[in-house]
Amino acid sequence: MDTLPVYSPNAPERSAVDAWPGPLLLEFGAPWCGHCQAAQKPLGEALAGSTIRERLTHLKIEDGPGRPLGRSFRVKLWPTLILMENGVERARLVRPTQLSEIDAFLRALPGA
């Protein structure tokens, strides 16, 4: 899976993210970001090989100045991956480049 990402310009409200049931992967970035594009292949491979995949909701959120959800999570660099479960942040990974680091990140959830 090395296709370019499709980041949604429409982000949910922070209250909706905090109330999200189960595992949630927030991916903050931008479609023109080279770091974001480079992370897509290892991220896709990690997700494809993860036992958590069938339970995980993955939201790709376009971030930038004035975007309230990214600011509420204090996102500074892209891509930033935030792994949550039942509204609680379990792990954060900034500018991943290696499959191994993304695999380790996903294992922060029980049952992964």
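Let's start with Ile82 and its neighbours. Ile82 touches Leu24, Leu25, Leu26, Phe28, Phe73, Val75, Glu89, Ala91, Arg92 and Phe105, leaving out residues up to four places away in sequence; contact here means heavy atoms within 4.5 Å. A quick word on the source: this is a predicted model, where local features need pLDDT of at least 70 and side-chain atom pairs count only at pLDDT 80 or more, while totals for chains, interfaces and linings use all residues. Residues are numbered from 1 along each chain as its sequence is written, and side-chain values use heavy atoms, with hydrogens and water left out.

Back to Ile82. This residue is found in strand 3; helices (H or I, at least four residues) and strands (E, at least two) are DSSP runs, numbered from the N terminus. Is Ile82 buried or exposed? Ile82 is buried, with a relative accessible area of 0%. For that scale, buried means under 20% relative accessible area, exposed over 50%, and partly exposed in between, with a 1.4 Å probe and protein chains only.

Now the core around it. The largest nonpolar core has 15 residues, and Val17, Leu26, Phe28, Phe73, Ile82 and Met84 touch the most other members. By nonpolar core I mean a set of buried Ala, Val, Leu, Ile, Met, Phe, Trp, Tyr and Cys residues joined through side-chain atoms within 4.5 Å. Which elements give two or more residues to this core? They are strand 1 (23-29) and strand 3 (80-85), and strand 1 gives the most, with three residues. Apart from this core lies another one, of 14 residues, including Leu47, Ala91, Ile102 and Leu106.

Ile102 and Leu106 bring us to helix 4, residues 99-106, where the buried residues are Ile102, Phe105 and Leu106. They cover an arc of only 95° around the axis, so they sit on the same side of helix 4; the arc is that of the directions from the helix axis to the C-beta atoms. What covers these buried residues? The cover includes strand 1, helix 2 (34-48), strand 3 and strand 4 (88-94).

On to the rings. A search of the whole structure finds two aromatic pairs. The rule is that rings of Phe, Tyr and Trp (its six-membered ring) pair if their centres lie within 6.5 Å; planes under 30 degrees apart count as stacked, over 60 as edge-to-face and the rest as tilted. Phe28 and Phe73 form a tilted pair, 6.0 Å centre to centre with 50° between the planes. This pair links distant parts of the chain, with Phe28 in strand 1 and Phe73 in the loop between helix 3 and strand 3, 45 residues apart. Phe28 is buried at 0% relative accessibility, and Phe73 is buried at 4%.

Trp32 and Trp78 form an edge-to-face pair, 5.5 Å centre to centre with 75° between the planes. Trp32 lies in the loop between strand 1 and helix 2 and Trp78 in the loop between helix 3 and strand 3, so the pair ties together parts that are 46 residues apart in sequence. Trp32 counts as exposed at 63% relative accessibility, whereas Trp78 is buried at 15%.

Lys60 lies over the face of Tyr7, at 5.4 Å from the ring centre. A charge sits over a ring if NZ of Lys or CZ of Arg is within 6 Å of the ring centre and within 35 degrees of the ring normal.

Next, some backbone details. A cis peptide bond joins Trp78 and Pro79, with omega about -15°, and Pro79 is found in the loop between helix 3 (68-72) and strand 3. Asn86 has a positive phi of about 50° although it is not a glycine; Asn86 lies in the loop between strand 3 and strand 4 and is partly exposed at 49% relative accessible area. Arg95 also has a positive phi of about 50° without being a glycine.

Let me finish with Glu27, in strand 1. Glu27 counts as buried, at 0% relative accessibility. Which side chain does the side chain of Glu27 meet in a polar contact? That partner is Gln40, at 2.8 Å. A polar contact is a pair of N or O atoms within 3.5 Å; within protein, one must be able to donate a hydrogen and the other to accept it, and residues adjacent in sequence count only if both atoms are side-chain atoms.
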